[in-house]
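I opened the file today and went through it by topic. These are my entries, in the order I made them.

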Amino acid sequence: MENNFVFMFDQSESGMKELLGGKGANLAEMTRIGLPVPYGFTITTAACNAYYDAERVISSEVESQVLQSLQVLEEKTDKKLGDPTNPLLVSVRSGAVHSMPGMMDTVLNLGMNDETVKGMAELTNNARFAYDSYRRFIQMFGNVVLDIENYFFEQQLEEIREEKGYQSDTELTAEDWKEVIEAFKSIVLKNTKRSFPQDPKEQLFLTIQAVFDSWNNKRAILYRRLHQIPGHLGTAVNIQSMVFGNMGEDSGTGVAFTRNPSTGESKLYGEYLINAQGEDVVAGIRTPQPIATLKDEMPDVYQQLVNTCQLLEDHYKDMQDIEFTVERGKLFILQTRTGKRTAQAAIRIAVEMVKEKIMDQREALLRVDPDQLNQLLHHRIDPEYKREKLAAGLPASPGAATGQVVFDADEADKLSKDGKKVILVRPETTPDDIHGIVAAQATVTSRGGMTSHAAVVARGMGKACICGCDSLKIHLDSKQFAVGDTTVNQGEIITIDGSTGEIFLGEIPMIEPELSDEFQLLLRWADEERKIGVRANADNPTDAAKALEFGAGGIGLCRTEHMFMDASRIPTVQSMILSETTTERKESLDQLLPMQQQDFEQIFETMQGHPITIRLLDPPLHEFMPDKEELLVDVTKLQITSPDSNELQEKQTLLRKVRLLEESNPMLGLRGCRLGMIHPEIYEMQILAIFQAMSNVMKKGITVKPEIMIPLVSHVNELKEMRELVIRISQHVQTETGLAFNYLIGTMIETPRAALTANQIAEEADFFSFGTNDLTQTTYGFSRDDAEGKFLQHYVDSDVLKRNPFVSLDQDGVGKLVENGVKLGKAINPALKTGICGEHGGEKESIQFCFDLGLEYVSCSPFRVPSARLAAAQSTIRSERKKSRKEPQYS
């Protein structure tokens, strides 16, 4: 059976988007419902893939089908390609499966040559129009097909305009355009060493080939990468009979949105140009008119456009982006597609379409991208403001901020208390810098990745953050950073956009976050639909309150080490770490106990009975100590300036201890439950603080539901020993207080061995929380910060990996371990509660995976909770629809 590589607009069926591309499918659909669409045909994505399979050669089979379809088009229009007396002219446009506006190539007026231009002039009785159209074709063909820089054509045109004293193109006469055409043909000859092709069929196949080639141009590849569009899909090519908006004052071209794409207002929005072709609107050469003024200039056309827009919106049940042309007072629709929109507009459109009964609530929930909701919770740079990027790193935490550059956390804290807005710039951050991150408007690091310390802490606080900006050469000693030839000193103002990773010099206007009534309503609908819980990662009462405000159903990860990072506590923590004996360590722990207990009491009171997963101390102890290199510098200076000082002796002692604590690979060293096994007194203090806090809060009549998490368990015996420790202390406090505690004991599954032996570990666990950040590290053998800073982006750019596995869960590898852990664990303990608490808990594709796997909840930073609630609802709806399609349908 012959492969169908080409379909006429009225031959294809609904649901052929994968073959016809979005544009081709919509042109066919509009033709079927009777809209005034210029007739044509679509060369399929399969033909594009066949072209690449044949090493960029159009096969004879495809060529034959194109010529057959061209013949049908000629018969339908009663015109012929290349006929000097009655020429058919066509547009050739790309059309990918997923909308990629402006990324691939288009050629208009194809079929024009030295002879057909005369025929067009005679047929239309408008020589100026004909020769204008011919010069446009030479310019577009020269740029798109022959790869000649557009600059040469524009420069030539500008010279001729200046020579004749014209201000705009509309002043050029037919004779002027003939002069331009000859100049343009000379540019083609000079740059390609061949004359401009006069054979329309040669023009056609060269253009089809150029459109296929544009599927893999740089901008298209980058766009696909940014929007996770697969590279194997290919593009379709749409050949469509031309209609002309440049035939005079009764003609024009424009773009219309059925609703305002910025606000969502249900009102026709767009712009148009009289006596112009499509590229004039987007090229910025002429200033278009707002669509509303078309009502006065062409009232009949305007009403027809309004009616068509309503018909298309009702048909596609979504806001449409429409391209149209008016030829001698007659409206033609060239394209429709789902319109791109802002987050505010997406929510308003979805909610209002439910009220207008265009769609139901479930469909509305699917129409809003969860990633867009993040825009609404943070300050954003005013999109209208023109700006020039200084540098770019990884967009680690969304939002935008302006402030003075500071390079030291203490300085950030001090200036902030003086009422100054600052941005903390560091090579990387450590727990020592926490107070600086808190004080700063935003944080920028030259090293580290999307899940580095700075990124995780900033996301938890809802502050903007950029990581891994390696083009920043930071000089801490001179308090400045350089990007190329530009140097920025401490105190100078910069603006950063954590949503894009961009850094700008100076202050840029911001837009305040707005949570509309439609936003809240959409999330209420999401909560009605979703069947997986959403918790937040929160370590203090402020974050916990924010989590509740954003609709979290509990805390899925409370990192107790963050409670130790307060500047006032660090000396006590360091004293505990520096202790030479258990007795000395217990003295320091006794000082930390009331602090830790107070932390838990405040969080328990804030959460008012919602479950709280508390992770006992996880990081290696050296993270609480001063930086070794900075200590070494201090010691060296003191040896020269104050060799007999007590300060020197203290610094030397501290340096020795830091060196003792140093590990070759601290991520795999003495941390997590291993710390609890070697120094149980540390975990004893934390557990005692939890239960004493619990008893105090329960006495106030508040329900408390702690879930005590033992981190980094790889062997069941680790959990067994730590579980016994928790139970022993719990029983002691219950006996003392006479209260009965309701709590769970579980572990974070974050090593491959834990996932592979989950059946054994489940015998000692009430819950599993999958720590997918570390599980990704240990499964891949990647050091997270090093990987993201040095090679991971290259892997994504070169398609070694489809996505950064620290951003979107690697379902084929890490996901298999999670799946294995859930199945093995629940087989032994059916009541086992399961969830994830890595940053994947806020990412939509990872949430879908978790839902399909049957996890009870996901947990993410507080500011990602709204988007996680929406993604959870979408996961439920999609899964149920998929299930219903598989089930037999009975009448």
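**Overall make-up.** I began with burial across the chain. Of the 891 residues of the protein, 55% count as buried. I then noted that this is a predicted model. For secondary structure I found 35 helices and 31 strands. For dimensions I took the C-alpha trace, which spans about 105 × 80 × 50 Å along its principal axes.

**Salt bridges, total.** How many salt bridges does the structure hold? I counted 56. As background, side chains of opposite charge can pair when their charged atoms come close. I looked up several of these pairs.

**Lys164 and Asp176.** These two side chains form a salt bridge, at 3.4 Å from N to O. I checked where the partners sit. Lys164 belongs to helix α6 (residues 150-164) and Asp176 to helix α7 (residues 174-192), so the pair, 12 residues apart, links distant parts of the chain. Is Asp176 buried or exposed? I have Asp176 down as buried, because its relative accessibility is 6% and the cut-off for buried is under 20%. Lys164 is partly exposed, at a relative accessible area of 29%.

**Arg362 and Glu529.** I found a salt bridge between these side chains too, at 2.8 Å from N to O. Arg362 is in helix α14 (residues 361-366) and Glu529 is in helix α19 (residues 517-529), so the contact ties together parts that lie 167 residues apart in sequence. I looked at accessibility on both sides. Arg362 is partly exposed, with a relative accessible area of 25%. Glu529 is buried, with a relative accessible area of 16%.

**Arg530 and Asp527.** The side chains of Arg530 and Asp527 also meet in a salt bridge, and I noted 2.8 Å from N to O. Asp527 has a relative accessible area of 30%, so I wrote it down as partly exposed.

**A network.** Which residues are joined by salt bridges that share partners? I listed Arg128, Asp132, Arg135, Arg136, Glu158, Arg161 and Asp169, which form one network.

**Negative patch.** I turned to charge on the surface. Glu249, Asp250, Asp296 and Glu297 gather there in a patch of negative charge. I followed up on Asp296, which is found in helix α11 (residues 294-297). Why does Asp296 count as exposed? Its relative accessible area is 66%, and exposed means over 50%.

**Cysteines.** I searched the whole structure for disulfides and found zero. Cys48 is buried, with a relative accessible area of 0%. Cys850 is in no disulfide. Its nearest cysteine sulfur belongs to Cys837, 11 Å away.

**Arg784.** My last entry is on helix α31 (residues 784-790), where Arg784 is found. Arg784 is buried, with a relative accessible area of 17%. What separates the C-alpha atoms of Arg784 and Met667? I read 9.9 Å, for residues that are 117 apart along the chain.

Methods. Residues are numbered from 1 along each chain as its sequence is written. This is a predicted model: local features need pLDDT of at least 70, side-chain atom pairs count only at pLDDT 80 or more; totals for chains, interfaces and linings use all residues. Side-chain values use heavy atoms; hydrogens and water are left out. Patches are made of residues with over 30% relative accessible area and no salt bridge: like charges are joined within 9 Å, nonpolar side chains (Val, Leu, Ile, Met, Phe, Trp, Tyr) within 5 Å. Accessible areas come from the Shrake-Rupley method with a 1.4 Å probe; for residues, only the protein chains shown count as cover. A salt bridge is a side-chain nitrogen of Lys or Arg within 4 Å of a carboxyl oxygen of Asp or Glu. Lys and Arg count as positive and Asp and Glu as negative; His and the chain ends are not counted. The place of a charge is taken as NZ of Lys, CZ of Arg, CG of Asp or CD of Glu. Helices (H or I, at least four residues) and strands (E, at least two) are DSSP runs, numbered from the N terminus. Buried means under 20% relative accessible area, exposed over 50%, partly exposed in between (1.4 Å probe, protein chains only). A disulfide is a pair of cysteine sulfur atoms within 2.5 Å.
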